[in-house]
Amino acid sequence: MDHLFLGSIAHSKSLDDLETIENGFLAVKNGKIVGIGDRASLPAEYSSTLPVTTLTSSQFLLPGFVDCHIHAPQYPNIGVGLDLPLLQWLETYTFPLEAAYKDNDFASKVYSAVVRRTISCGTTLASYFASNYKDSSLILAKEAVKQGQRALIGKVCSNASSPDYYIEKTEDSLRDTETFINGVINLKSALVKPIITPRFALSCTSELLTGLGGLATKYDLHIQSHISENCDEIKAVKRMFQKGTYTEVYEDNKLLTHKCIMAHGVHLEDAELKLLKKYDTAIAHCPTSNTKLRSGFCDVRRLLNAGIKVGLGTDVAGGHNVSILLAIHDALNVSLSLNIIKKQNILGTGQIQHPSDDCNKDYQALEYKNALYLATLGGARALALDNVCGNFAVGKEFDALLVDISNKPLDLFDIPLSVAEKSSASHSRLDKMIQKFLYVGDDRNINKVFISGKQVKNHSD
Ligand SMILES: [Zn+2]
(Lines give C-alpha, C1' and ligand atoms only; values in the text may rest on other atoms or scores of the structure.)
Protein backbone atom coordinates (compact mmCIF):
# COMPACT_ATOMS: atom_id res chain seq x y z
CA MET A 1 0.00 0.00 0.00
CA ASP A 2 3.10 2.24 0.22
CA HIS A 3 4.84 3.30 -2.99
CA LEU A 4 7.23 5.85 -4.39
CA PHE A 5 7.11 6.14 -8.17
CA LEU A 6 9.80 8.01 -10.07
CA GLY A 7 9.19 8.94 -13.72
CA SER A 8 6.45 10.35 -15.96
CA ILE A 9 3.06 11.18 -14.44
CA ALA A 10 -0.10 12.72 -15.93
CA HIS A 11 -3.51 13.55 -14.48
CA SER A 12 -6.43 15.87 -15.17
CA LYS A 13 -6.98 18.85 -12.90
CA SER A 14 -10.01 20.03 -14.89
CA LEU A 15 -11.67 19.57 -18.29
CA ASP A 16 -8.94 21.55 -20.07
CA ASP A 17 -6.02 21.19 -17.68
CA LEU A 18 -3.98 17.99 -18.04
CA GLU A 19 -0.94 18.21 -15.79
CA THR A 20 2.07 16.33 -17.16
CA ILE A 21 5.24 15.81 -15.13
CA GLU A 22 8.07 14.30 -17.17
CA ASN A 23 10.59 13.67 -14.42
CA GLY A 24 8.43 13.47 -11.37
CA PHE A 25 7.61 11.59 -8.21
CA LEU A 26 4.40 10.31 -6.71
CA ALA A 27 4.38 9.10 -3.10
CA VAL A 28 1.69 6.85 -1.60
CA LYS A 29 1.26 5.91 2.06
CA ASN A 30 -1.43 3.55 3.32
CA GLY A 31 -3.09 3.70 -0.09
CA LYS A 32 -3.34 7.50 -0.15
CA ILE A 33 -1.38 10.02 -2.17
CA VAL A 34 0.89 12.04 0.12
CA GLY A 35 3.07 13.82 -2.43
CA ILE A 36 3.41 14.57 -6.16
CA GLY A 37 5.72 16.88 -8.08
CA ASP A 38 9.02 17.33 -9.87
CA ARG A 39 11.74 14.88 -8.93
CA ALA A 40 13.92 17.79 -7.81
CA SER A 41 11.42 18.60 -5.06
CA LEU A 42 11.20 15.01 -3.72
CA PRO A 43 11.30 15.11 0.11
CA ALA A 44 14.13 12.95 1.48
CA GLU A 45 11.77 11.19 3.91
CA TYR A 46 9.92 9.54 1.01
CA SER A 47 13.00 8.16 -0.75
CA SER A 48 14.30 6.75 2.52
CA THR A 49 11.07 5.16 3.76
CA LEU A 50 8.94 4.11 0.76
CA PRO A 51 9.54 1.20 -1.67
CA VAL A 52 10.71 2.74 -4.96
CA THR A 53 9.49 1.92 -8.48
CA THR A 54 11.46 3.69 -11.21
CA LEU A 55 9.45 3.87 -14.43
CA THR A 56 11.17 3.23 -17.78
CA SER A 57 11.19 5.85 -20.53
CA SER A 58 8.16 4.16 -22.18
CA GLN A 59 6.08 4.08 -18.98
CA PHE A 60 3.90 6.61 -17.19
CA LEU A 61 1.22 6.80 -14.49
CA LEU A 62 -2.38 7.80 -15.20
CA PRO A 63 -5.37 7.87 -12.83
CA GLY A 64 -7.57 4.77 -13.11
CA PHE A 65 -10.53 4.82 -15.49
CA VAL A 66 -14.07 5.40 -14.24
CA ASP A 67 -16.90 3.52 -15.98
CA CYS A 68 -20.04 5.43 -15.00
CA HIS A 69 -22.46 3.01 -16.65
CA ILE A 70 -22.08 -0.73 -17.28
CA HIS A 71 -24.55 -3.63 -17.22
CA ALA A 72 -22.59 -6.57 -15.78
CA PRO A 73 -25.15 -9.27 -16.70
CA GLN A 74 -25.11 -8.24 -20.35
CA TYR A 75 -21.41 -9.15 -20.67
CA PRO A 76 -22.13 -12.47 -22.48
CA ASN A 77 -23.92 -10.46 -25.22
CA ILE A 78 -20.91 -8.27 -26.00
CA GLY A 79 -20.52 -7.93 -29.77
CA VAL A 80 -23.83 -9.55 -30.71
CA GLY A 81 -27.37 -8.29 -31.23
CA LEU A 82 -26.56 -4.75 -32.24
CA ASP A 83 -28.95 -4.72 -35.18
CA LEU A 84 -31.96 -3.21 -33.40
CA PRO A 85 -32.89 0.11 -31.78
CA LEU A 86 -33.30 0.34 -27.99
CA LEU A 87 -36.81 -0.91 -27.20
CA GLN A 88 -36.69 -3.83 -29.64
CA TRP A 89 -33.10 -4.62 -28.57
CA LEU A 90 -34.23 -4.88 -24.93
CA GLU A 91 -37.08 -7.27 -25.80
CA THR A 92 -35.08 -9.41 -28.20
CA TYR A 93 -31.64 -9.73 -26.65
CA THR A 94 -31.38 -8.14 -23.23
CA PHE A 95 -34.35 -9.22 -21.11
CA PRO A 96 -33.96 -12.93 -22.02
CA LEU A 97 -30.29 -12.84 -20.97
CA GLU A 98 -30.87 -10.89 -17.74
CA ALA A 99 -33.59 -13.37 -16.74
CA ALA A 100 -30.86 -16.05 -16.62
CA TYR A 101 -29.37 -14.40 -13.51
CA LYS A 102 -31.91 -16.17 -11.35
CA ASP A 103 -29.25 -18.89 -11.57
CA ASN A 104 -26.54 -17.97 -9.07
CA ASP A 105 -23.95 -20.35 -10.55
CA PHE A 106 -24.26 -18.69 -13.95
CA ALA A 107 -24.08 -15.27 -12.27
CA SER A 108 -20.92 -16.23 -10.39
CA LYS A 109 -19.14 -17.27 -13.57
CA VAL A 110 -20.08 -14.15 -15.52
CA TYR A 111 -19.54 -11.64 -12.71
CA SER A 112 -16.11 -13.03 -11.88
CA ALA A 113 -15.14 -12.53 -15.54
CA VAL A 114 -16.66 -9.04 -15.79
CA VAL A 115 -14.78 -7.70 -12.77
CA ARG A 116 -11.53 -9.34 -13.90
CA ARG A 117 -11.83 -7.96 -17.46
CA THR A 118 -12.81 -4.44 -16.42
CA ILE A 119 -9.87 -4.27 -14.00
CA SER A 120 -7.56 -5.59 -16.71
CA CYS A 121 -8.79 -2.78 -19.00
CA GLY A 122 -8.04 -0.20 -16.32
CA THR A 123 -11.45 0.39 -14.74
CA THR A 124 -10.74 1.21 -11.11
CA LEU A 125 -14.26 2.51 -10.40
CA ALA A 126 -17.43 1.14 -12.01
CA SER A 127 -21.11 1.89 -11.52
CA TYR A 128 -22.78 -1.44 -12.27
CA PHE A 129 -26.34 -2.37 -13.10
CA ALA A 130 -26.87 -6.00 -12.04
CA SER A 131 -30.25 -7.71 -12.67
CA ASN A 132 -33.69 -7.85 -11.01
CA TYR A 133 -32.46 -10.65 -8.71
CA LYS A 134 -31.16 -9.61 -5.29
CA ASP A 135 -29.16 -12.77 -4.60
CA SER A 136 -27.11 -12.74 -7.78
CA SER A 137 -26.74 -8.95 -7.53
CA LEU A 138 -25.07 -9.53 -4.16
CA ILE A 139 -22.74 -12.02 -5.86
CA LEU A 140 -21.55 -9.17 -8.10
CA ALA A 141 -20.90 -7.00 -5.03
CA LYS A 142 -18.92 -9.81 -3.37
CA GLU A 143 -16.89 -10.33 -6.55
CA ALA A 144 -15.93 -6.64 -6.66
CA VAL A 145 -14.90 -6.83 -2.99
CA LYS A 146 -12.91 -10.02 -3.63
CA GLN A 147 -11.02 -8.61 -6.61
CA GLY A 148 -10.52 -5.20 -4.98
CA GLN A 149 -12.45 -3.02 -7.44
CA ARG A 150 -14.07 0.23 -6.33
CA ALA A 151 -17.72 -0.11 -7.36
CA LEU A 152 -21.32 0.96 -6.97
CA ILE A 153 -23.64 -2.03 -7.41
CA GLY A 154 -27.33 -1.77 -8.19
CA LYS A 155 -30.07 -4.37 -8.04
CA VAL A 156 -32.20 -3.39 -11.02
CA CYS A 157 -35.88 -2.60 -10.37
CA SER A 158 -38.68 -2.99 -12.94
CA ASN A 159 -42.39 -3.57 -12.39
CA ALA A 160 -43.88 -2.28 -15.66
CA SER A 161 -43.59 -2.51 -19.46
CA SER A 162 -41.46 -5.65 -19.15
CA PRO A 163 -41.99 -9.25 -20.30
CA ASP A 164 -43.89 -11.48 -17.88
CA TYR A 165 -40.80 -13.66 -17.33
CA TYR A 166 -38.73 -10.66 -16.13
CA ILE A 167 -40.88 -8.33 -14.09
CA GLU A 168 -41.33 -7.66 -10.38
CA LYS A 169 -44.26 -6.81 -8.16
CA THR A 170 -43.87 -3.39 -6.54
CA GLU A 171 -43.69 -4.66 -2.96
CA ASP A 172 -41.22 -7.42 -3.91
CA SER A 173 -38.98 -4.97 -5.76
CA LEU A 174 -38.83 -2.59 -2.79
CA ARG A 175 -38.37 -5.35 -0.22
CA ASP A 176 -35.64 -7.08 -2.27
CA THR A 177 -33.89 -3.77 -2.86
CA GLU A 178 -33.76 -3.09 0.88
CA THR A 179 -32.49 -6.63 1.55
CA PHE A 180 -29.83 -6.12 -1.13
CA ILE A 181 -28.79 -2.74 0.31
CA ASN A 182 -28.28 -4.29 3.74
CA GLY A 183 -26.45 -7.24 2.18
CA VAL A 184 -23.91 -4.90 0.58
CA ILE A 185 -23.61 -2.75 3.71
CA ASN A 186 -22.92 -5.92 5.71
CA LEU A 187 -19.93 -6.68 3.47
CA LYS A 188 -18.30 -3.74 5.30
CA SER A 189 -16.24 -2.84 2.25
CA ALA A 190 -14.61 0.58 1.95
CA LEU A 191 -14.70 0.17 -1.84
CA VAL A 192 -18.11 -1.30 -2.71
CA LYS A 193 -21.45 0.44 -2.04
CA PRO A 194 -25.07 -0.15 -3.10
CA ILE A 195 -26.76 2.19 -5.58
CA ILE A 196 -30.51 2.61 -6.12
CA THR A 197 -31.26 1.41 -9.66
CA PRO A 198 -34.66 1.79 -11.34
CA ARG A 199 -34.00 0.43 -14.85
CA PHE A 200 -35.67 3.43 -16.47
CA ALA A 201 -38.89 5.37 -16.08
CA LEU A 202 -40.70 3.23 -18.65
CA SER A 203 -40.18 0.03 -16.66
CA CYS A 204 -41.25 1.49 -13.29
CA THR A 205 -44.56 2.78 -11.95
CA SER A 206 -44.70 6.03 -9.96
CA GLU A 207 -45.31 3.95 -6.85
CA LEU A 208 -42.06 2.04 -7.33
CA LEU A 209 -40.06 5.17 -8.23
CA THR A 210 -41.38 6.94 -5.11
CA GLY A 211 -40.44 3.97 -2.95
CA LEU A 212 -36.94 3.87 -4.42
CA GLY A 213 -36.53 7.61 -3.87
CA GLY A 214 -37.47 6.97 -0.23
CA LEU A 215 -34.84 4.23 0.12
CA ALA A 216 -32.17 6.48 -1.39
CA THR A 217 -33.01 9.13 1.22
CA LYS A 218 -33.24 6.64 4.10
CA TYR A 219 -29.81 5.11 3.42
CA ASP A 220 -28.19 8.21 1.82
CA LEU A 221 -27.38 6.27 -1.35
CA HIS A 222 -26.29 6.96 -4.88
CA ILE A 223 -28.94 6.63 -7.62
CA GLN A 224 -28.57 5.55 -11.26
CA SER A 225 -30.95 5.09 -14.15
CA HIS A 226 -31.41 5.95 -17.83
CA ILE A 227 -32.80 9.13 -19.34
CA SER A 228 -33.68 10.45 -22.77
CA GLU A 229 -31.81 7.82 -24.74
CA ASN A 230 -34.11 7.17 -27.68
CA CYS A 231 -36.95 9.17 -29.26
CA ASP A 232 -39.55 6.36 -29.06
CA GLU A 233 -38.64 5.84 -25.40
CA ILE A 234 -39.11 9.55 -24.62
CA LYS A 235 -42.55 9.63 -26.28
CA ALA A 236 -43.60 6.52 -24.34
CA VAL A 237 -42.42 7.99 -21.00
CA LYS A 238 -44.28 11.27 -21.58
CA ARG A 239 -47.41 9.30 -22.49
CA MET A 240 -47.17 6.92 -19.52
CA PHE A 241 -46.54 9.60 -16.86
CA GLN A 242 -48.40 12.50 -18.54
CA LYS A 243 -45.43 14.80 -17.99
CA GLY A 244 -43.98 17.58 -20.11
CA THR A 245 -40.47 16.15 -19.94
CA TYR A 246 -38.72 12.89 -19.05
CA THR A 247 -36.65 14.59 -16.33
CA GLU A 248 -39.76 15.73 -14.42
CA VAL A 249 -40.71 12.09 -13.86
CA TYR A 250 -37.53 11.52 -11.85
CA GLU A 251 -37.83 14.90 -10.14
CA ASP A 252 -41.38 14.10 -8.97
CA ASN A 253 -40.11 10.94 -7.29
CA LYS A 254 -37.17 12.57 -5.51
CA LEU A 255 -34.65 10.69 -7.61
CA LEU A 256 -32.66 13.72 -8.78
CA THR A 257 -29.83 14.39 -6.31
CA HIS A 258 -26.15 15.33 -6.40
CA LYS A 259 -25.40 11.60 -6.00
CA CYS A 260 -27.58 10.62 -8.97
CA ILE A 261 -26.24 9.72 -12.42
CA MET A 262 -28.44 9.23 -15.46
CA ALA A 263 -27.15 7.41 -18.52
CA HIS A 264 -27.33 8.95 -22.01
CA GLY A 265 -29.30 12.23 -21.99
CA VAL A 266 -28.98 12.30 -25.79
CA HIS A 267 -32.15 14.28 -26.44
CA LEU A 268 -32.52 16.39 -23.27
CA GLU A 269 -34.51 19.59 -23.74
CA ASP A 270 -33.17 22.94 -22.50
CA ALA A 271 -35.57 22.96 -19.54
CA GLU A 272 -34.28 19.49 -18.56
CA LEU A 273 -30.69 20.70 -18.53
CA LYS A 274 -31.75 23.39 -16.06
CA LEU A 275 -33.43 20.80 -13.84
CA LEU A 276 -30.39 18.50 -13.86
CA LYS A 277 -28.15 21.46 -13.04
CA LYS A 278 -30.49 22.53 -10.21
CA TYR A 279 -30.11 19.13 -8.52
CA ASP A 280 -26.44 18.70 -9.57
CA THR A 281 -27.40 15.39 -11.22
CA ALA A 282 -24.83 13.92 -13.63
CA ILE A 283 -24.95 12.33 -17.07
CA ALA A 284 -23.06 9.18 -18.07
CA HIS A 285 -22.16 9.69 -21.72
CA CYS A 286 -22.21 6.34 -23.54
CA PRO A 287 -21.22 7.17 -27.12
CA THR A 288 -20.65 3.58 -28.25
CA SER A 289 -24.14 2.33 -27.46
CA ASN A 290 -25.74 5.62 -28.55
CA THR A 291 -24.35 4.96 -32.01
CA LYS A 292 -24.76 1.17 -32.07
CA LEU A 293 -28.42 1.32 -30.98
CA ARG A 294 -29.01 4.29 -33.33
CA SER A 295 -30.14 6.48 -30.42
CA GLY A 296 -28.38 9.65 -31.56
CA PHE A 297 -25.29 11.78 -31.00
CA CYS A 298 -25.17 13.24 -27.48
CA ASP A 299 -23.73 16.76 -27.52
CA VAL A 300 -21.39 16.62 -24.53
CA ARG A 301 -20.29 20.22 -25.09
CA ARG A 302 -23.89 21.35 -24.62
CA LEU A 303 -24.12 19.44 -21.33
CA LEU A 304 -20.79 20.76 -20.07
CA ASN A 305 -21.69 24.33 -21.09
CA ALA A 306 -24.91 23.95 -19.08
CA GLY A 307 -22.78 23.13 -16.03
CA ILE A 308 -23.74 19.46 -15.87
CA LYS A 309 -21.27 16.87 -14.56
CA VAL A 310 -20.40 14.31 -17.25
CA GLY A 311 -18.53 11.00 -17.12
CA LEU A 312 -18.11 8.17 -19.63
CA GLY A 313 -19.82 4.79 -19.68
CA THR A 314 -19.20 1.65 -21.72
CA ASP A 315 -22.91 0.70 -21.44
CA VAL A 316 -22.07 -2.95 -22.02
CA ALA A 317 -23.66 -4.61 -23.99
CA GLY A 318 -25.28 -1.79 -25.99
CA GLY A 319 -21.60 -0.85 -26.09
CA HIS A 320 -19.48 -3.70 -27.38
CA ASN A 321 -16.36 -3.36 -25.23
CA VAL A 322 -15.65 -3.23 -21.50
CA SER A 323 -12.72 -0.87 -22.07
CA ILE A 324 -13.15 2.83 -21.36
CA LEU A 325 -10.54 3.38 -24.08
CA LEU A 326 -13.28 2.62 -26.63
CA ALA A 327 -15.61 5.08 -24.87
CA ILE A 328 -12.84 7.68 -25.21
CA HIS A 329 -12.45 6.92 -28.94
CA ASP A 330 -16.18 7.07 -29.52
CA ALA A 331 -16.70 10.21 -27.42
CA LEU A 332 -14.12 11.89 -29.66
CA ASN A 333 -15.67 10.47 -32.83
CA VAL A 334 -19.20 11.55 -31.88
CA SER A 335 -17.92 15.01 -30.96
CA LEU A 336 -16.03 15.29 -34.25
CA SER A 337 -19.13 14.14 -36.14
CA LEU A 338 -21.19 16.85 -34.42
CA ASN A 339 -18.46 19.32 -35.26
CA ILE A 340 -18.65 18.37 -38.96
CA ILE A 341 -22.44 18.59 -38.99
CA LYS A 342 -22.81 21.77 -36.91
CA LYS A 343 -19.81 23.72 -38.12
CA GLN A 344 -19.52 22.66 -41.73
CA ASN A 345 -23.05 21.47 -42.54
CA ILE A 346 -21.67 18.36 -44.23
CA LEU A 347 -24.36 15.69 -44.28
CA GLY A 348 -23.06 13.31 -46.96
CA THR A 349 -25.60 14.38 -49.57
CA GLY A 350 -23.05 14.43 -52.38
CA GLN A 351 -23.42 18.16 -52.66
CA ILE A 352 -20.50 20.44 -51.98
CA GLN A 353 -21.80 23.03 -49.59
CA HIS A 354 -20.30 25.95 -47.84
CA PRO A 355 -21.16 26.52 -44.20
CA SER A 356 -24.39 28.49 -44.11
CA ASP A 357 -25.04 31.42 -41.83
CA ASP A 358 -26.98 29.28 -39.40
CA CYS A 359 -24.01 26.96 -38.83
CA ASN A 360 -22.38 27.10 -35.42
CA LYS A 361 -18.93 28.18 -36.54
CA ASP A 362 -17.67 28.37 -32.95
CA TYR A 363 -18.55 24.77 -32.10
CA GLN A 364 -15.59 23.07 -30.42
CA ALA A 365 -15.10 19.33 -30.73
CA LEU A 366 -13.70 17.52 -27.71
CA GLU A 367 -9.95 16.92 -27.71
CA TYR A 368 -8.11 13.96 -26.26
CA LYS A 369 -7.32 15.84 -23.04
CA ASN A 370 -11.03 16.54 -22.54
CA ALA A 371 -11.91 12.89 -23.16
CA LEU A 372 -9.24 11.74 -20.69
CA TYR A 373 -10.77 14.09 -18.10
CA LEU A 374 -14.24 12.59 -18.72
CA ALA A 375 -12.76 9.10 -18.30
CA THR A 376 -11.11 9.92 -14.97
CA LEU A 377 -11.82 13.02 -12.86
CA GLY A 378 -15.04 13.83 -14.77
CA GLY A 379 -16.34 10.32 -14.06
CA ALA A 380 -15.40 10.55 -10.38
CA ARG A 381 -17.22 13.89 -10.14
CA ALA A 382 -20.25 12.47 -11.95
CA LEU A 383 -20.38 9.69 -9.34
CA ALA A 384 -19.81 12.20 -6.51
CA LEU A 385 -16.63 10.36 -5.53
CA ASP A 386 -14.09 12.97 -6.62
CA ASN A 387 -13.20 13.58 -2.99
CA VAL A 388 -11.87 10.00 -3.02
CA CYS A 389 -10.40 9.39 -6.49
CA GLY A 390 -10.25 10.65 -10.09
CA ASN A 391 -6.82 12.26 -10.12
CA PHE A 392 -3.56 12.40 -8.16
CA ALA A 393 -4.41 15.26 -5.80
CA VAL A 394 -2.75 14.83 -2.40
CA GLY A 395 -5.14 13.20 0.05
CA LYS A 396 -6.99 11.08 -2.54
CA GLU A 397 -6.69 7.32 -2.73
CA PHE A 398 -4.18 5.94 -5.20
CA ASP A 399 -6.30 4.52 -8.05
CA ALA A 400 -3.90 4.35 -10.97
CA LEU A 401 -2.66 2.70 -14.13
CA LEU A 402 0.96 2.01 -14.93
CA VAL A 403 0.95 2.34 -18.71
CA ASP A 404 3.73 1.01 -20.96
CA ILE A 405 3.64 2.00 -24.61
CA SER A 406 6.47 -0.35 -25.57
CA ASN A 407 4.03 -3.31 -25.34
CA LYS A 408 1.92 -4.46 -28.28
CA PRO A 409 -0.12 -3.21 -30.09
CA LEU A 410 2.12 -0.13 -30.18
CA ASP A 411 5.35 0.09 -32.14
CA LEU A 412 7.87 2.66 -31.00
CA PHE A 413 10.41 4.25 -33.32
CA ASP A 414 13.20 6.63 -32.50
CA ILE A 415 12.60 9.38 -35.04
CA PRO A 416 15.87 10.93 -36.29
CA LEU A 417 16.48 14.16 -34.40
CA SER A 418 16.55 16.42 -37.44
CA VAL A 419 13.00 15.32 -38.32
CA ALA A 420 11.83 15.46 -34.71
CA GLU A 421 13.02 19.04 -34.43
CA LYS A 422 10.87 20.03 -37.40
CA SER A 423 7.73 18.35 -36.08
CA SER A 424 5.23 20.02 -33.79
CA ALA A 425 7.12 21.34 -30.81
CA SER A 426 3.95 21.82 -28.82
CA HIS A 427 3.71 18.18 -27.80
CA SER A 428 6.14 16.91 -25.20
CA ARG A 429 7.35 13.30 -25.26
CA LEU A 430 4.86 12.49 -22.48
CA ASP A 431 2.01 14.20 -24.40
CA LYS A 432 2.81 11.97 -27.36
CA MET A 433 2.94 8.83 -25.21
CA ILE A 434 -0.48 9.67 -23.73
CA GLN A 435 -1.98 10.23 -27.17
CA LYS A 436 -0.54 6.95 -28.48
CA PHE A 437 -2.02 5.07 -25.54
CA LEU A 438 -5.45 6.72 -25.83
CA TYR A 439 -5.76 6.37 -29.61
CA VAL A 440 -3.94 3.10 -30.35
CA GLY A 441 -3.34 1.31 -27.04
CA ASP A 442 -5.36 -1.37 -25.31
CA ASP A 443 -5.27 -3.41 -22.11
CA ARG A 444 -1.90 -4.91 -23.12
CA ASN A 445 -0.41 -1.47 -22.50
CA ILE A 446 -1.70 -1.42 -18.91
CA ASN A 447 1.03 -3.22 -16.98
CA LYS A 448 -0.34 -2.65 -13.51
CA VAL A 449 -3.57 -1.40 -11.95
CA PHE A 450 -3.76 -0.01 -8.42
CA ILE A 451 -6.91 0.61 -6.38
CA SER A 452 -6.55 2.35 -3.02
CA GLY A 453 -2.84 1.65 -3.27
CA LYS A 454 -3.25 -2.09 -3.73
CA GLN A 455 -2.02 -3.67 -6.97
CA VAL A 456 -4.93 -5.53 -8.55
CA LYS A 457 -3.46 -6.30 -11.98
CA ASN A 458 -0.14 -7.67 -13.10
CA HIS A 459 0.82 -7.55 -16.75
CA SER A 460 0.68 -11.36 -16.87
CA ASP A 461 -2.97 -11.46 -15.69
ZN1 LIG B 1 -27.64 1.23 -19.90
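Buried here means under 20% relative accessible area and exposed means over 50%, with partly exposed in between. All the views below come from a predicted model.

View 1. The side chains of Asp 172 and Arg 175 pair up in a salt bridge, 3.3 Å from N to O. Both sit in helix 5, three residues apart, or about one turn of the helix. Asp 172 has 25% relative accessibility, so it counts as partly exposed. Arg 175, at 48%, is partly exposed as well.

**View 2. The buried side of helix 5.** Helix 5 runs over residues 170-185 and reaches 23 Å from its first C-alpha to its last, close to the expected 22 Å. Its buried residues are Thr 170, Ser 173, Asp 176, Thr 177, Phe 180, Ile 181, Gly 183 and Val 184. Among the elements covering them are helix 4, strand 10 and helix 6.

**View 3. The zinc site.** Four protein donors hold positions 2.1 to 2.5 Å from the zinc ion: His 69 (NE2), His 71 (NE2), His 226 (NE2) and Asp 315 (OD). The site is irregular, with angles of 88 to 170° among its four donor atoms. His 71 in strand 6 and His 226 in strand 11 are 155 residues apart, so to speak linking distant parts of the chain. Both of these histidines are buried.

View 4. Lys 309 forms a salt bridge with Asp 280, with the closest N and O atoms 3.6 Å apart. Each lies in a loop, so the pair ties together parts that are 29 residues apart in sequence. Lys 309 counts as buried at 16% relative accessibility, while Asp 280 is partly exposed at 31%.

Definitions and conventions
Residues numbered from 1 in each chain as written. Predicted model: local features only at pLDDT ≥ 70, side-chain atom pairs only at ≥ 80, totals over all residues. Heavy atoms only, no water. Helix = DSSP H or I, 4+ residues; strand = E, 2+ residues; numbered from the N terminus. Expected span 1.5 Å × (residues − 1). Buried < 20%, exposed > 50% of the residue type's maximum accessible area, 1.4 Å probe, protein only. Contact = heavy atoms within 4.5 Å. Donors = N, O, S within 2.8 Å, 3.2 Å for Na, K, Ca; no water. Tetrahedral: all angles 85-135°; square planar, octahedral: opposite > 155°, others 65-115°. Salt bridge = Lys/Arg side-chain N within 4 Å of Asp/Glu carboxyl O.
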